[in-house]
Amino acid sequence: MIYLDNAATTKPFDEVLDTFFEVNKKYYGNTASINDYGKTSSKLLEASRAQIAKILDIESKNIYFTSGATESNNIAILGAAEHKKDFGKHIITSKIEHPSVLETFRTLENKGFKLDYVNITEDGSIDLEHLKKLLNKDTILLSVMHVNNVFGTIQPIDEISNILKEFPKVHFHVDGVQGVLKNKININKVDSYSLSAHKFHGLKGIGLLYVKTRRTVNSIIFGGGQEDNLRSGTVNLPSIVSMAKALRLYSERLSEMNLRHINYKKYIVENLSNLKYVEINSPIKDNYVNSIINISLPKIKGESIINSLNQDDIMISTTSACSSKKFNLNEALHARGLSEENIKGSIRISFSYYTTLEDVKYFVEKFKEKYENFREVIESGI
Ligand code: PMP
């Protein structure tokens, strides 16, 4: 099986699974219990927090463990809006965000906040000039993703932080899921940043939220107050320790992996861009990651291409595994101004540490074979 759907999720590293098993077996005490078992678990929790903090170059006290980026995004966005609601009602995000951000902003809009979407350039980036025009004295919240999950653009997070210096009231949240470590930024410059372990060979259902200043984000989940009252619920120690392991291994393997990904992307772009009807939506450029390639075959449905490759045991996806169900067209591609045909015919190929050049070559070979059939369909005008 050739797995090229890593932007949706990655295969856990074997060492991560071993850690998960071991912690479940040996350290099942509740981190909040004051007995010795609880204390040992709590020590392990804090050691994991410190390890993650070191790798990400942030302080451990600013890390809050959650069930993943969906929860982290919800806590940051709703919690910051709740904290700032008396200081302004204007909030900004973009239409290329993940549904866990977009739908949360729309919930705030329904509650009376004024929502603006910052424009996206044809190249898939936040339009900084438009952002400057949108920002005003009433703005309290901005959320922009680090790397887009549909076509892989790296967003200008540092530039946005600089623009925001003139607007100190604005809470700047960054969804870091697809960008963490792959593209180096100083996380300390943003107000909050979210992560999900399963995108870097950790487990599903575990993630974190970095918050620079705890009091600027109100709690939206109430209970035992385990994570400094920002996130309640029994701490998922086995998954957290496994996440720390995954992040360490990922950080150690990253530069070698990136070098391979550059070659894989080049190979695909070089081989497919000369096919008459193929459109490359993720060009080889500095503001794109190498691990995500979005391409379109206008007039052919993305689902048909995926099903056809699936027959040869190649797993890729349409634009995103979790695009908002409310829209027929992928919102992120639409925001970039791609034509309807182009959006409907788009597919996403994404790499991980485990992807090999052989996988990529096999994909290209099979894609070219299928292309001949699709070309006939396109040319017959059906
Ligand atoms: N943000 C982005 C950019 C993502 O790609 C994902 C996962 N598809 C999420 C947030 C949500 O992560 P999770 O499903 O693990 O909560």
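## Briefing: ligand site, cores and selected residues

Asn229 is partly exposed, at a relative accessible area of 47%; partly exposed means between buried (under 20%) and exposed (over 50%), with a 1.4 Å probe and protein chains only. The model is predicted: local features need pLDDT of at least 70, side-chain atom pairs count only at pLDDT 80 or more, and totals for chains, interfaces and linings use all residues. Residues are numbered from 1 along each chain as its sequence is written, and side-chain values use heavy atoms, with hydrogens and water left out.

**The ligand and its shell**

- Helices (H or I, at least four residues) and strands (E, at least two) are DSSP runs, numbered from the N terminus.

**Polar atoms facing the ligand**

- A polar side-chain atom of Asp175 sits 2.6 Å from a ligand nitrogen.
- The side chain of Thr70 has an N or O atom 2.7 Å from a ligand oxygen.
- In His98, a side-chain N or O atom is 3.4 Å from a nitrogen of the ligand.
- On its own, the ligand has 400 Å² of accessible area, and the protein covers 88% of that. Such areas come from the Shrake-Rupley method with a 1.4 Å probe; for residues, only the protein chains shown count as cover.

**Nonpolar cores**

- The largest nonpolar core has 61 residues. A core is a set of buried Ala, Val, Leu, Ile, Met, Phe, Trp, Tyr and Cys residues joined through side-chain atoms within 4.5 Å.
- Helix H7 (residues 237-272) gives the most to this core, with 11 residues.
- Ile52, Leu56, Leu142, Phe172 and Tyr193 have the most contacts inside the largest core.
- Which residues does Ile52 touch, not counting those up to four places away in sequence? They are Ile63, Phe65, Leu208, Met243, Ala244 and Leu247. Contact means heavy atoms within 4.5 Å.
- Another core, of 27 residues, lies apart from the largest one; Ile268, Leu275, Ile295 and Tyr371 are among its members.
- In soluble globular proteins, nonpolar side chains tend to be buried together.

**Buried residues in loops**

- Ser291 is in the loop between strand E9 (279-280) and strand E10 (292-296). Ser291 counts as buried because its relative accessibility is 2%.
- Beyond four places in sequence, Ser291 touches Lys182, His261, Ile349, Ser350 and Phe351.
- Asn62 lies in the loop between helix H2 (36-56) and strand E2 (63-66). Its relative accessibility is 6%, so Asn62 counts as buried.
- A polar contact of 3.3 Å joins the side chains of Asn62 and Lys61.
- Beyond four places in sequence, Asn62 touches Leu209, Tyr210, Val211 and Lys212.

**Buried leucines in helices**

- Leu309 belongs to helix H8 (residues 302-310). Leu309 is buried, with a relative accessible area of 0%.
- Outside four places in sequence, Leu309 contacts Ile314, Ile316, Phe363, Lys366, Phe367 and Lys370.
- Leu309 and Glu369 are 60 residues apart along the chain, and 9.9 Å separates their C-alpha atoms.
- Leu134 belongs to helix H5 (residues 128-134). At 12% relative accessibility, Leu134 is buried.
- Outside four places in sequence, Leu134 contacts His90, Ile92, Asp116, Tyr117, Val118 and Thr139.
- Leu134 and Ala76 are 58 residues apart along the chain, and 21 Å separates their C-alpha atoms.

- Most residues other than glycine have a negative phi.
- Asn229 is not a glycine, yet its phi is positive, at about 65 degrees. Asn229 lies in the loop between strand E8 (207-211) and H7.
- Lys299 also has a positive phi, near 80 degrees. Lys299 is placed in the loop between E10 and H8.

How values were computed. Polar contact = N/O pair within 3.5 Å; in protein donor to acceptor, adjacent residues only side chain to side chain.
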